[in-house]
Amino acid sequence: METLKKSIEECDSVKELERLRVEVFGKKGYFAKEFAKLKELSGDEKIAYAARLNEEKDKFSELVNAKKSFLETKEYEDILKQDAVDVSLYSNIVNVGALHPVIDTMDKIIEYFVSLNFSVEDGPLVEDDFHNFEALNLPKFHPARDMQDTFYFKDGALLRTHTSPVQVRTMLSQDPPIRMICPGAVFRPDLDLTHTPMFHQIEGLVVDKRGAVSFANLKSILEEFLRYMFGSVKVRFRPSFFPFTEPSAEVDIGCIFCHGAGCRVCKNTGWLEVLGCGTVDQNVFNAVGYKNSSGYAFGLGIERFAMLLHKIPDLRSLFEGDLRLLEQFK
Ligand SMILES: [Zn+2]
C-alpha cells in the first residue's frame with residue numbers, strides 16, 4: 001500500500017494516473033490478486049482480511065480522485081497560461097480607423113459655425129408635407145416641387161428632401177433671435193455621377209428684428225467661410241431662385257483645380273458652384289408666425305465640399321464602403 005501511495009504522488013499527468021488506476025483495479029491488478037488470496041483463507045481470518053482490503057481499496061480510490069482533480073486543475077491552468085495574451089505588451093502594428101470624408105467635412109463646417117455662436121439643431125428624417133414644403137413657401141402644385149423629387153410613404157409622410165424643415169421646427173419652437181445650423185442626411189430619388197439617393201446638407205439660418213440682419217451680413221459670413229474651407233479663393237454671388245428666400249443667390253468659388261483657366265471639373269467656366277443662399281422669404285415667416293423679422297439662410301451639400309477638398313471624381317464612391325478609398329483618409 002505504501003508503494004501505491006508513492007506511485008500516486010509521483011504521477012504528473014491525468015493520463016499517467018489513469019494508467020496507474022487501471023493497473024491497480026484492473027482484472028490483473030493489485031486488488032484482483034489480493035482478493036484472489038481470500039480463497040485460501042477461512043473464518044475470522046477471511047473476514048478480517050476482506051475488511052482490510054476493502055478499506056485499502058476505498059483509501060486508494062480517495063487518493064486517486066484527489067490527485068486527479070489536482071492534476072486536472074493544473075493542466076487547465078497550464079493551457080490558460082499558454083494561451084494568455086499580455087495586453088500590456090508593446091506592439092508596433094498600429095491599425096487606427098479614420099473618419100469618413102463626409103463626416104470629417106461635416107465636422108469641419110460645424111466647427112466653423114459653432115465658433116461664430118451658431119447653435120446646432122437636429123430634426124426627424126421622416127417629415128410631413130407642412131414642414132418639408134408648405135411652410136417653406138412650396139404650396140401643393142408649386143412648380144418648384146419638381147426641383148426635388150421625393151420619397152413618399154403610403155400615409156403621405158416623406159423622407160425630408162432638404163434640412164430646411166429643421167429651420168421650420170426651430171422657428172416654431174423659439175422666438176427670434178435665431179442663429180442656427182442644421183446638418184444631416186436628406187433624400188431624393190436620384191443616382192448618377194453627382195447624385196446619390198441619400199446625401200448630406202448643412203443649412204444655416206439667422207433671424208432677428210426687421211432691419212437687424214441684411215444680405216450684406218450673409219455675403220460677408222459666407223465669403224469668410226469659403227476662405228476657411230478652400231483657402232484664398234475668389235467668391236462670386238449670382239442671382240438665383242429658391243422658393244424660401246427672396247432675393248436668392250448661388251455662390252461660386254474660383255475653380256480650385258485650374259485657377260480660372262478652365263478644366264473638366266468646372267466645365268471650362270473657371271467657377272465652381274458651392275452654395276445657395278438668400279434673405280428669408282416673408283411667406284416663410286408668415287407660416288411660422290414671425291412678425292417684424294428679417295433673416296438670411298444658406299445651404300450646401302457636404303458631399304460636394306468633400307469631393308472638392310479631396311479631389312474625389314465620383315460621388316457614389318463615397319457610399320460604396322470601399323476600404324481602399326477610406327484608408328486614404330487616415
Ligand atoms: Zn477648373
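Here is a short chat about a predicted model and some of its features.

Q: Hi! Which residues coordinate the zinc ion?
A: Four cysteines do it through their SG atoms: Cys255, Cys258, Cys263 and Cys266, at 2.2 to 2.3 Å.

Q: And what arrangement do the four donor atoms make?
A: A tetrahedral one, because the angles they subtend around the zinc ion are 104 to 115°. To count as tetrahedral, all angles must lie between 85 and 135 degrees.

Q: What spacing do the donors follow along the chain?
A: The pattern is C-x2-C-x4-C-x2-C.

Q: Is Cys266 buried or exposed?
A: Buried, since its relative accessibility is 4% and the cut-off for buried is under 20%. Cys258 is buried too, at 15%, and so is Cys263, at 16%.

Q: OK, still on cysteines: how many disulfides are there?
A: The count comes to zero. As a reminder, a disulfide is a covalent bond between the sulfur atoms of two cysteines.

Q: Changing topic! What order do the strands of the open sheet have?
A: There are seven strands, in the order β1-β4-β5-β9-β8-β7-β6, and the pairing is mixed.

Q: Which ones are the edge strands?
A: Those are β1 (119–120) and β6 (235–242), each of which pairs on one side only.

Q: How do β4 and β5 run, parallel or antiparallel?
A: Antiparallel, with 10 bridges joining β4 (residues 178–187) to β5 (residues 198–209). For instance, Arg179 stands opposite Val206 in β5.

Q: Which strands does helix α5 touch?
A: Helix α5 (residues 101–115) packs on the sheet and touches β1, β4, β5 and β9 (293–301). The direction of α5 makes about 10° with that of β5.

Q: And where does helix α8 lie?
A: Helix α8 (residues 215–230) lies across β4, β6, β7 (245–254), β8 (271–280) and β9, and runs at about 150° to β8.

Q: Last one: where is Phe237, and what is it in contact with?
A: Phe237 sits in strand β6. Leaving aside neighbours within four places in sequence, its contacts include Phe215, Leu222, Val251 and Cys277. Ala249 is another of its contacts; Phe237 and Ala249 are 12 residues apart in sequence and 5.9 Å apart in space, C-alpha to C-alpha.

Q: So is Phe237 buried or exposed?
A: Buried, with a relative accessible area of 18%.

Conventions
Residues numbered from 1 in each chain as written. Predicted model: local features only at pLDDT ≥ 70, side-chain atom pairs only at ≥ 80, totals over all residues. Heavy atoms only, no water. Donors = N, O, S within 2.8 Å, 3.2 Å for Na, K, Ca; no water. Tetrahedral: all angles 85-135°; square planar, octahedral: opposite > 155°, others 65-115°. Buried < 20%, exposed > 50% of the residue type's maximum accessible area, 1.4 Å probe, protein only. Pairing = 2+ DSSP bridges. Helix = DSSP H or I, 4+ residues; strand = E, 2+ residues; numbered from the N terminus. Contact = heavy atoms within 4.5 Å. Axes fitted to C-alpha atoms, helices over the stretch in contact; angles between N-to-C directions. Disulfide = S-S within 2.5 Å.
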